[in-house]
Amino acid sequence: MFSTKYSFETLLSITVRWLSRGKVLSRFFELRNEIEIFLIDKNRPLPLLTDSEWVWKLAFLVNITKYMNDFNLKLQGKDVLICDVYTLVKAFRQKLILFETQISKNCFIHFSTCDKYNKESKTQFPVDFAQKIISELKIQFKLRFSDLDVKSEEINIFQNPFSCDIEKLPPTLQMEMIDLQSNDALKIKHREETLVDFYKFLPDIQYPNLKKFAIEYISVFATTYLCEQTFSKMKYIKSKYRSAMTDKHLESILKIGTSNIQPQFDQILAEKHQFHTSH
């Protein structure tokens, strides 16, 4: 039932709906004894629930899925930049290496469900099964985020402009970066503000190439979160009760629903010379 191929496809799913499914796995593991009693009572026993190797695999999938869910949740949000995503990817890759090493030694310090079942079970943990999943995850993370690896140096420049090596920078950025790294006030600004606000603060005249470089990475959509959020709002707005809504009205409502810009009501009202009155 827990075939390797199935596990890989399941764990690598990045749809938000999978977050609830991951919780179902955890609840199923916690209630497996009650589920077994219920099925026996209904004359529909499930032998897998008493199969120690199968339960071991279930316990492992509960833990590894939780880590995948946590990783997925960190990617959500309007203000996630490409450098934030790459930081999370690099961290998760390192975690996979740690998991692989610890699992090979039957160390479950970071696998609470496996550690719990280890105290109940008398059978050995299926190390080969777990290592295959972790190994495939490492491969998939390398393939799926290979574009970020190619741009890793530029991402680092964008994220940490005060710690980059001037001599390794493109010639168009070297002079401006020297000025930037020599400015103590801007160093403080970089620590206190978000990256977007920091690059907005830089004077256009003094740092034209650096700002152009930063805009390229700020404008990259790191995830599909904004797109998914917009479609979700559109589905909510254009319901069966609003079938007569025109595309122009839908577009206007979507702009209001997805924009962070606050309407200037006072200014709008001030420009009105006459209001509609009741007759």
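Buried means under 20% relative accessible area, exposed means over 50%, and partly exposed lies in between. Glu-30, at 41% relative accessibility, therefore counts as partly exposed. The structure described here is a predicted model.

**Overall make-up**

The protein has 16 helices and zero strands. Of its 279 residues, 33% are buried. Among the contacts between residues at least 6 apart in sequence, 66% join residues at least 24 apart.

**Salt bridges**

The count of salt bridges comes to eleven. Three of them are described here, beginning with the partner of Glu-30. The side chain of Glu-30 meets that of Arg-27 in a salt bridge, with 2.7 Å from N to O. These two residues are three apart in helix 2 (residues 17–30), so about one helical turn separates them. Arg-27 is partly exposed, with a relative accessible area of 46%.

Glu-53 and Lys-57 form another salt bridge through their side chains, at 3.6 Å from N to O. Because they are four residues apart in helix 4, Glu-53 and Lys-57 are also separated by about one helical turn. Glu-53 is partly exposed at 44% relative accessible area. Lys-57 has a relative accessible area of 19% and is therefore buried; the cut-off for buried is under 20%.

The salt bridge between Lys-138 and Glu-100 has its closest N and O atoms 2.7 Å apart. This pair links distant parts of the chain, with Lys-138 in helix 7 and Glu-100 in helix 5, 38 residues apart. Lys-138 is partly exposed, with a relative accessible area of 31%. Glu-100 has a relative accessible area of 21%, so Glu-100 counts as partly exposed.

| Salt bridge | N to O distance |
|---|---|
| Glu-30 and Arg-27 | 2.7 Å |
| Glu-53 and Lys-57 | 3.6 Å |
| Lys-138 and Glu-100 | 2.7 Å |

**Aromatic pairs**

A pair of aromatic rings is described by the distance of the centres and the angle of the planes. The whole structure contains 22 aromatic pairs. One of them is formed by Phe-71 and Phe-92, whose ring centres are 5.2 Å apart with 40 degrees between the planes, and this pair is tilted. Phe-71 lies in helix 4 (residues 52–75) and Phe-92 in helix 5 (residues 82–104), so the pair links distant parts of the chain, 21 residues apart. Phe-71 counts as buried at 9% relative accessibility, and Phe-92 counts as buried at 3%.

Phe-92 also pairs with Phe-141. The centres of these two rings are 5.0 Å apart and their planes are at 20 degrees, so the pair is stacked. Planes under 30 degrees apart count as stacked. Phe-92 lies in helix 5 and Phe-141 in helix 7 (residues 127–144), so this pair ties together parts that are 49 residues apart in sequence. Both Phe-92 and Phe-141 are buried.

**Aromatic cluster and charges over rings**

One aromatic cluster is formed by Phe-29, Trp-56, Phe-60, Tyr-67, Phe-99, Phe-108, Phe-111, Tyr-117, Phe-125 and Phe-129. Arg-32 lies over the face of Phe-29, one of the cluster residues, at 4.2 Å from the ring centre. In another such arrangement, Lys-189 lies over the face of Phe-201, at 4.4 Å from the ring centre.

**Asn-63**

Phe-111, another of the cluster residues, is also among the contacts of Asn-63. Asn-63 is found in helix 4. With 4% relative accessibility, Asn-63 counts as buried. Leaving aside neighbours within four places in sequence, Asn-63 is in contact with Phe-111, Ser-112, Thr-113 and Cys-114.

**A nonpolar surface patch**

On the surface, Phe-265, Ile-268 and Leu-269 form a nonpolar patch, with about 310 Å² of accessible area together. Ile-268 is found in helix 16 (residues 265–270). Ile-268 has a relative accessible area of 44% and is partly exposed.

Notes:
Residues are numbered from 1 along each chain as its sequence is written. This is a predicted model: local features need pLDDT of at least 70, side-chain atom pairs count only at pLDDT 80 or more; totals for chains, interfaces and linings use all residues. Side-chain values use heavy atoms; hydrogens and water are left out. Patches are made of residues with over 30% relative accessible area and no salt bridge: like charges are joined within 9 Å, nonpolar side chains (Val, Leu, Ile, Met, Phe, Trp, Tyr) within 5 Å. Accessible areas come from the Shrake-Rupley method with a 1.4 Å probe; for residues, only the protein chains shown count as cover. A salt bridge is a side-chain nitrogen of Lys or Arg within 4 Å of a carboxyl oxygen of Asp or Glu. Buried means under 20% relative accessible area, exposed over 50%, partly exposed in between (1.4 Å probe, protein chains only). Rings of Phe, Tyr and Trp (its six-membered ring) pair if their centres lie within 6.5 Å; planes under 30 degrees apart count as stacked, over 60 as edge-to-face and the rest as tilted. A charge sits over a ring if NZ of Lys or CZ of Arg is within 6 Å of the ring centre and within 35 degrees of the ring normal. Contact means heavy atoms within 4.5 Å.
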